[in-house]
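Below is a walk through one protein chain, written for someone meeting it here. Please keep the sequence and the view of the fold at hand while reading.

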Amino acid sequence: MGSQLSSGPNKLAISALSHVTHFNKKQLLGMQKEFFKLAEQSSESEFTINRSQFAEALKIVAIKAADQEILDKLFTLFDKTGDGQVNFRQFVIGASVLVKGTTEEKLQLAFELYDTHQTGKVSKVEMLELLTWLSQTPEYCGDMFPTPESLDTLVNDIFAEFDSGNSQDLDFKQFYHAVSKHPLLIEFLDQNPNSKFLTKIE
């Protein structure tokens, strides 16, 4: 495995990933080494991880997610081929958003997590669940967020303003514009609680 990581094709692949993620080549090489150590423990493939290994893999980027439901949702999002396996490319592209993504990228991922029926829209209940999850996940966005008591009011206000057709759901464009109008939400999402990750693998 060591010789493969230092091969010309792998260096090209790492270089390519550095252009489509928020990680540099040195960070990617460090992550790749740890990822393949974990993958080698699987009986299915030495190049991929399965659902049961996913929580351990997230520790590579200093994320500890205790909620199994969230872990399952995240794994399903990362597993783009739906084969129950996540390769290194899929992992780092997803992890890039989690730890270093822009506000829009984080919101897009959160939106997809809670678009449970894959309709491209979220209901009022799903949006409340989404914001509640964000408020309970400092590893994702930080620890400054509106109090739980204010979330229901916030969601009701957003739907009152942006659900003009009273359809009881919002698409991503409506959702993004709604959140963008609330400075506290944007300030919360723009925090960088994972700065420790940079010192961990550099």
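Predicted model: local features only at pLDDT ≥ 70, side-chain atom pairs only at ≥ 80, totals over all residues.

The chain has 202 residues, and buried residues make up 44% of them. Its secondary structure comes to 13 helices and four strands. Among contacts between residues at least 6 apart in sequence, 62% join residues at least 24 apart.

The largest pocket has a volume of about 270 Å³. Helix H5 (68–78) and helix H7 (103–114) are the elements that give two or more residues to its lining. H5 gives the most, with three residues. The lining includes Lys 73, Thr 76 and Leu 77, along with Glu 112 and Leu 113. Asp 79, Gly 82, Asp 115, Thr 116 and Gln 118 also belong to the lining of the largest pocket. By type, the residues of this lining divide into two nonpolar, four polar and four charged.

The second largest pocket has a volume of about 210 Å³. Two or more residues of its lining come from each of H5, helix H6 (88–100) and H7. Among the lining residues are Leu 77, Phe 78, Lys 80, Gln 90, Ile 93, Gly 94 and Val 97. Glu 105, Gln 108, Leu 109 and Glu 112 line the second largest pocket as well. Here the lining divides into five nonpolar, three polar and three charged residues.

Helix H7 can be checked for length. At 1.5 Å a residue, its twelve residues should span 16 Å, and the end C-alpha atoms are 17 Å apart, which agrees. The buried residues of H7 are Thr 103, Lys 106, Leu 107, Leu 109, Ala 110, Phe 111, Leu 113 and Tyr 114. Two of these, Leu 109 and Leu 113, are in contact with Leu 74, a residue of helix H5. Leaving aside neighbours within four places in sequence, Leu 74 is also in contact with Phe 54, Leu 58 and Leu 98. Leu 74 counts as buried because its relative accessibility is 4%, where buried means under 20%. Leu 74 and Glu 112 are 38 residues apart in sequence, and their C-alpha atoms are 9.5 Å apart in space.

Is Lys 80 buried or exposed? With 64% relative accessibility, Lys 80 counts as exposed. A polar atom of the side chain of Lys 80 lies 3.2 Å from the backbone oxygen of Leu 77. Lys 80 and Gln 90 are ten residues apart along the chain, and 7.4 Å separates their C-alpha atoms.

Ala 62, in the loop between helix H4 (54–58) and H5, has a positive phi of about 65° although it is not a glycine. Ala 62 has a relative accessible area of 13% and is therefore buried. Gln 168 is not a glycine either, and has a positive phi of about 70°. Gln 168 is found in the loop between helix H10 (148–162) and strand E4 (169–171). At 39% relative accessibility, Gln 168 counts as partly exposed.

How values were computed:
Residues numbered from 1 in each chain as written. Heavy atoms only, no water. 1 Å grid on protein atoms, 1.4 Å probe; cavity = no way out; pocket = protein on both sides within 12 Å on 5 of 7 lines; lining within 4 Å. Points joined across faces, edges and corners; volume = space filled by probe spheres on them. Nonpolar A, V, L, I, M, F, W, Y, C, P; charged D, E, K, R; others polar. Expected span 1.5 Å × (residues − 1). Buried < 20%, exposed > 50% of the residue type's maximum accessible area, 1.4 Å probe, protein only. Polar contact = N/O pair within 3.5 Å; in protein donor to acceptor, adjacent residues only side chain to side chain. Contact = heavy atoms within 4.5 Å.
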